[in-house]
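Try each task before reading its solution.

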Amino acid sequence: MAQRKTRKSKVKPKGTKTKPRAVKETRAVYAVASPPIIQTDHPHVIKVEGVRGGDPILRESYVSVHAVVEITYRLKQTPQEIVDSYTDMTLAQVFDALSYYHDHKQEIDDIIEANDRAGERAQKISRQYAERDRLNRLAKEKSAVANGG
């Protein structure tokens, strides 16, 4: 009869540290098709399908052109103030966004108008929910008073 070898557990004395094993890993590589970048006639402005709804954005900072326009003309901030508030944006990008706006005024104005309409719809829905909650509170208070509570 052959004798079987058994594995003996190694008991280490207390206080000794074990060295962690070196793990060899390879970096995972994923083949994800990124959406195509559409160049515009302005060097800092691009369009990317699926990013900001395909609206024109600033290269590398991904701030939309219409946001720069609204900050400039509605909020009355200077280009330098915009650069100071967005750390990843350059002055050249801000001026290029404004230049793009003046070259494509109707396109950007349509985007701004659509955003305004969406904002108005959201406010209307918010007011409806607030009114419903107010009426529910009043009904509960009346119910509590009627029940002697």
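**Exercise 1.** Is Glu-60 buried or exposed?

*Solution.* This is a predicted model, and Glu-60 has a relative accessibility of 66% in it. The cut-off for exposed is over 50%, so Glu-60 counts as exposed. Finally, check the backbone: its phi is positive, about 75 degrees, although Glu-60 is not a glycine. For context, most residues other than glycine have a negative phi.

**Exercise 2.** Find where Lys-76 lies and describe its backbone.

*Solution.* Lys-76 belongs to the loop between H1 and helix H2 (79-85). Its phi is positive at about 60 degrees, and Lys-76 is not a glycine either. With a relative accessible area of 64%, Lys-76 is exposed.

**Exercise 3.** Classify the ring pair of Tyr-73 and Tyr-101.

*Solution.* Start with the distance: the ring centres are 6.0 Å apart, and pairing requires centres within 6.5 Å. Then take the planes: they meet at 45 degrees, so the pair is tilted. Tyr-73 lies in helix H1 (residues 65-73) and Tyr-101 in helix H3, so the pair ties together parts 28 residues apart in sequence. Tyr-73 is partly exposed at 38%, while Tyr-101 is buried at 7%.

**Exercise 4.** How do the axes of helix H3 and helix H4 cross?

*Solution.* The axes of H3 (residues 91-103) and H4 (residues 105-146) come within 5 Å and cross at roughly 100 degrees. That makes H3 roughly perpendicular to H4. On the H3 side, the contact residues include Tyr-101.

How values were computed: Residues are numbered from 1 along each chain as its sequence is written. This is a predicted model: local features need pLDDT of at least 70, side-chain atom pairs count only at pLDDT 80 or more; totals for chains, interfaces and linings use all residues. Side-chain values use heavy atoms; hydrogens and water are left out. Axes are lines fitted to C-alpha atoms, for helices over the stretch in contact, and angles run from 0 to 180 degrees between N-to-C directions. Helices (H or I, at least four residues) and strands (E, at least two) are DSSP runs, numbered from the N terminus. Angles under 35 degrees count as roughly parallel, over 145 as roughly antiparallel, 65 to 115 as roughly perpendicular and the rest as oblique. Contact means heavy atoms within 4.5 Å. Rings of Phe, Tyr and Trp (its six-membered ring) pair if their centres lie within 6.5 Å; planes under 30 degrees apart count as stacked, over 60 as edge-to-face and the rest as tilted. Buried means under 20% relative accessible area, exposed over 50%, partly exposed in between (1.4 Å probe, protein chains only).
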